[in-house]
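Student: I would like to learn how to read a fold from its coordinates. Where do we start?

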Amino acid sequence: MSRKFITSILIAAVTVTGISLSAAPAKAGNDDLAKILFGATALIIIGKAIESNNKAEAASRHKQKVTPPRPSIRRKALPARCLRVHDTWDGRVRMLGQRCLEKRYTHVNQLPRQCKTRVRTYDGPRQGYQMRCLRNKGFYLASK
């Protein structure tokens, strides 16, 4: 836009200056003066056009709000239906089941690896993610 704008201003300046010079009677001493006036006028008009264009661009830059990217809040919401409580030799363990998360949560591969666990229950070994560890990392249970 800025090149088109400057070009159109320049064409208008040359046209206006050419008309005003052709309307004046031709004299021998006026040629040099006319050239100087023509050049000065063109430079002033071009300078004003560039200045106004720069101001418009600066104003448009200030209007745009740049927000830094942040992790999606929805990625932190884990499906509550995947929460399991298992009885182990050591007591109860609250964890999110691995297979349930793979079916119902699209960002399983982005969960913290240190929260992944495997426990031995009375019904056999279970794999999943410890709820306390996930909560400490900013994850939470979404409503059912």
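**Strands, sheet and a buried alanine**

Tutor: Strand E3 (residues 92-97) and strand E5 (residues 124-130) pair in the antiparallel sense over 3 bridges. Strands pair if DSSP finds at least two bridges between them. Strands (E, at least two residues) and helices (H or I, at least four) are DSSP runs, numbered from the N terminus. This is a predicted model: local features need pLDDT of at least 70, side-chain atom pairs count only at pLDDT 80 or more, and totals for chains, interfaces and linings use all residues. Residues are numbered from 1 along each chain as its sequence is written, and side-chain values use heavy atoms, without hydrogens and water.

Student: Which residue in E5 is the bridge partner of Met95?

Tutor: Gln130.

Student: In what order do the strands of the open sheet run?

Tutor: The order is E2-E3-E5-E4, with antiparallel pairing. Strand E2 (83-87) and strand E4 (116-121) stand at the edges. Each has a single partner strand, so one side of each lacks a neighbour in the sheet.

Student: Now a helix residue. Is Ala49 buried or exposed?

Tutor: Buried means under 20% relative accessible area, exposed over 50%, partly exposed in between (1.4 Å probe, protein chains only). Ala49 has 5% relative accessibility, so it counts as buried. Its place is in helix H2 (residues 30-63).

Student: Which residues does Ala49 contact, leaving aside neighbours within four places in sequence?

Tutor: Contact means heavy atoms within 4.5 Å. Ala49 touches Phe5 and Ile9. Ala49 and Ile9 lie 40 residues apart in sequence, yet 7.0 Å apart in space, C-alpha to C-alpha.
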